[in-house]
Amino acid sequence: MRDDDLIKPSRVKKDLDKLRTEAECLLKEAVSRDEVEAVRIQSLGKKGNISQILKLMGQFPAEERKELGKLANEARDFVEDLIAKSFERLEKKARQKTLSGQIDVTLPGRKPQQGHKHPLTLTSEKILNVLQNLGFDLVQGPEIEHDFYNFEALNVPSDHPAREMQDTFYVDKDVVLRTQTSPVQIRTMLSLKEIPIRIASMGRVYRRDQDVTHSPIFHQIEGLFVDKSVTFSDLKGTLTTFVEKVFSEKARIRMRPSYFPFTEPSAEVDMSCFQCDGAGCRLCKGTGFIEILGAGMVDPEVFKASGFDPEKVSGFAFGIGVERVAMLKYGISDIRHFYENDLRFLAQF
Ligand code: DAH
């Protein structure tokens, strides 16, 4: 071995110092994982600087070997630590970059839109609630209905215009899409058999009819009260409470003689116009009153078809158009708004 091949311990120390500072500088400036990795290989890899230095240890006497070994290990720990920190630093930077590229944290939050009930649901719930408080039980009937319940038992003669193809959707000769909720009266009386009966029923009804105030599918609420001595004034009291609670405490009703096959006497029921309070305005077409429902005393023929003796019981019935009430209550001029699911319309309720 030549003289100058002998490496002095001081040289090793210097080399270790140099290695530390070099690695420190390079890592400080590294902007990519590759650059950090290159430093790692150069300093700590199998053929790296520290490995080279450690290989020389054998040359030194034990005392010096111990000291230099310790220094070399410290240098390795130091560089290892720096490398780990550099990787961490780069990762954090990359994360911030992607986040800031996609999310503008300064934007105001987006408020989730809160859903709510449809105006027809609000209206029918209100009406049913008033009726329930008056003691009416809620019942349901089928939308696909037998001719017997929809017409026959309701005393609608076979030559009645309501049965004509232009008014009714026929499923087959004897089965229809119910044109009214009144068949629920028959179903209830036939199944309960006992008085008192006090029911309300809400649901879809179908008619071949379509314009700004008529839809082929719409909703009705039927009311029926049967007992020993139900009178016309009971009907009037019930309907008065209905308009007071659904529209306004000031509302009054007016009953006009009318005709329905299933009631006798029958009445068209108007309420005092809630816009002008009866004085006359555009809404009520100058009359001071608005027609809102049909009603009457249950016809003896209907009782007979439903298994009751008209000599022993009496009753009243009424049918309310839910769309009609909602249009009046909310001032809606076109029935189609209810079914178009336009949020600009729905969000107003
Ligand atoms: N069913 C009638 C219609 O759809 C409304 C009606 C009128 C129901 C009088 C009744 C009633 O119960 O008594 O036009």
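Which residue of S6 stands opposite Ile-197?

The model before us is predicted, so local features need pLDDT of at least 70 and side-chain atom pairs count only at pLDDT 80 or more, while totals for chains, interfaces and linings use all residues. Residues are numbered from 1 along each chain as its sequence is written, and side-chain values use heavy atoms, with hydrogens and water left out.

To the opening question, then. The residue opposite Ile-197 is Val-226 in S6. The names come from DSSP runs: helices are H or I runs of at least four residues, strands are E runs of at least two, and both are numbered from the N terminus. Strands S5 and S6 are joined by ten bridges and run antiparallel. Two strands count as paired if DSSP finds at least two bridges between them. With S1 (residues 137-138), S5 has two bridges, and these two strands run parallel. Here Leu-138 faces Ala-200 in S5.

These strands belong to an open sheet of seven, ordered S1-S5-S6-S10-S9-S8-S7, with mixed pairing. At its edges are S1 and S7 (253-260), each of which pairs on one side only. In general terms, strands of a sheet pair through backbone hydrogen bonds, either parallel or antiparallel. S5 itself is largely enclosed by the rest of the structure, because seven of its ten residues are buried. Buried means under 20% relative accessible area, exposed means over 50%, and partly exposed lies in between, using a 1.4 Å probe and protein chains only.

Three bridges connect S2 with S4 (residues 175-177), and the two run antiparallel.

Helix H7 (residues 183-192) has contacts in both sheets. Its buried residues are Pro-183, Val-184, Gln-185, Ile-186, Thr-188 and Met-189. They pack against S2 (144-146), S5 (197-206), S6 (217-227) and S10 (314-321), and also against helices H6 (147-150) and H9 (300-305). Contact here means heavy atoms within 4.5 Å. After H7 comes Lys-193, with a positive phi near 65 degrees.

I turn now to helix packing. Axes are lines fitted to C-alpha atoms, for helices over the stretch in contact, and angles run from 0 to 180 degrees between N-to-C directions. Angles under 35 degrees count as roughly parallel, over 145 as roughly antiparallel, 65 to 115 as roughly perpendicular, and the rest as oblique.

Let us take H5 (residues 119-133) with H8 (residues 232-246). Their axes come within 10 Å and cross at roughly 135 degrees. H5 is therefore oblique to H8. The crossing of H5 past H8 is right-handed; a crossing is right-handed if the near helix is turned clockwise from the far one by less than a right angle, and left-handed if anticlockwise. Lys-126, Ile-127 and Val-130 of H5 meet Thr-241, Phe-242, Lys-245 and Val-246 of H8. By class, this contact has four nonpolar, one polar and two charged residues. Ala, Val, Leu, Ile, Met, Phe, Trp, Tyr, Cys and Pro count as nonpolar, Asp, Glu, Lys and Arg as charged, and the others, Gly among them, as polar.

H5 also packs on H10 (residues 322-330), at about 105 degrees with the axes 9 Å apart. This makes H5 roughly perpendicular to H10. Among the residues in contact are Leu-120 and Ile-127 of H5, and Val-325 and Tyr-330 of H10. The contact of H5 with H10 holds eight nonpolar, two polar and one charged residues.

Lastly, how do H1 and H3 lie to each other? H1 (residues 9-29) and H3 (residues 49-56) pack at about 165 degrees, with axes 11 Å apart. They are therefore roughly antiparallel. H1 passes H3 in a left-handed crossing. Val-12, Asp-15, Leu-16 and Leu-19 of H1 meet Asn-49, Ile-50 and Ile-53 of H3.
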